[in-house]
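Here's a quick briefing to read alongside the model. Have the viewer open and follow along.

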Amino acid sequence: MVRSPSCVGALRERAGESLLHRVAGPEAHRKRARIHGTPGPRWFGPDRPVRTVHGDASMYIGGLAALLLQSLHPTAMAAVAAHSGFQGDPWGRLQRTSTFLAVTTFGTSQDAEDAVARVREVHGRIRGTTSEGVPYRASDPHLLGWVHIAETECFLRAHQRYGRAPLDSAGEDGYVADMAEVARRLGAERPPDTRAALTARLAEYRSELRATPESRAAARYLLSEPPLPSLARLPYAFLAAAAVDLLPAWARTALDLPAATRLLRPLSRPGGHAITAALRWVITATPSPEA
């Protein structure tokens, strides 16, 4: 039985709407219209690399890789486990993160400044002690620096491997510099502004990174127990394998990956390309902000 074009189009649009609401929340269209449609100056012009990277479907793979890599800093992971609600409210956390990225990348300068101020205010209230007795605060510039370089590294790696238009070397430097602009406003310590500096900063943190019970629990949750309907589990498994394949070898070893993820790793790159293409196809079915 051959599906008619109208049937395929309707399924595509429903899938696109479902994905948009999962990622951006029930007010997704209102948010998108405000971010893209409000007149005014922006932090980043339309030709900036950060817009190229953050507007591509490869961000789904890069985002998951970033969460896995970030979890290997014991102090940062303890703060996330205690305060972020990533297991109790995973979609809410995803929606807040995706909205922040969209506003600071594409929104007006005023909206971007307001978004940063809200995050800094929340960070100012978060503090505690790890299970090993190490005190932490979310506003610590060193921890913010780690979170920043981990996500910048993973977003960039994902784009260079799965993005529609990979950046040249100048574009890579430009992306790192664009991300540094936001990181400085958030209070991160010494955000790098070139690709080489990003690699060097990642190496500086290496001695602080290791697996903990919290990081292993986070990896199991993100890779084996995602809060998804059964039909989405197989595509997500390939997305997860592609995200794991982006990580440095030492990070993959430290995370003690689930058996299913290890089995899919030989297929991670073709699977990642297929999943990214499918996401791109689905995303383009949702109405434009102007509509």
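This is a predicted model: local features need pLDDT of at least 70, side-chain atom pairs count only at pLDDT 80 or more; totals for chains, interfaces and linings use all residues.

Residues are numbered from 1 along each chain as its sequence is written, and side-chain values use heavy atoms, with hydrogens and water left out.

**The chain overall**
- The chain has 15 helices and 2 strands (DSSP runs numbered from the N terminus: helices are H or I with at least four residues, strands are E with at least two).
- Of the 291 residues, 47% are buried (buried is under 20% relative accessible area, exposed over 50%, partly exposed in between, with a 1.4 Å probe and protein chains only).
- Take the contacts with a separation of 6 or more: 75% of them come from residues 24 or more positions apart (contact means heavy atoms within 4.5 Å).

- In helix 10 (residues 195-205), the buried residues are R195, L198, R201, L202 and Y205.
- Down the axis of helix 10, these buried residues fall within an arc of 120 degrees, so they line one face of the helix (the arc is that of the directions from the helix axis to the C-beta atoms).
- A196 and A203 are exposed, on the face of helix 10 turned away from its buried side.
- Helix 4 (59-70), helix 8 (141-162) and helix 9 (169-186) are what the buried residues of helix 10 pack against.

**Helix 4 against helix 12**
- The axes of helix 4 and helix 12 (residues 230-246) come within 8 Å and cross at roughly 60 degrees (axes are lines fitted to C-alpha atoms, for helices over the stretch in contact, and angles run from 0 to 180 degrees between N-to-C directions).
- That makes helix 4 oblique to helix 12 (under 35 degrees is roughly parallel, over 145 roughly antiparallel, 65 to 115 roughly perpendicular, and the rest oblique).

**Two loop residues with positive phi**
- Most residues other than glycine have a negative phi.
- R190, in the loop between helix 9 and helix 10, has a positive phi of about 40 degrees although it is not a glycine.
- D256 is not a glycine either, yet has a positive phi of about 55 degrees.
- D256 lies in the loop between helix 13 (249-254) and helix 14 (259-264), and at 52% relative accessibility D256 counts as exposed.
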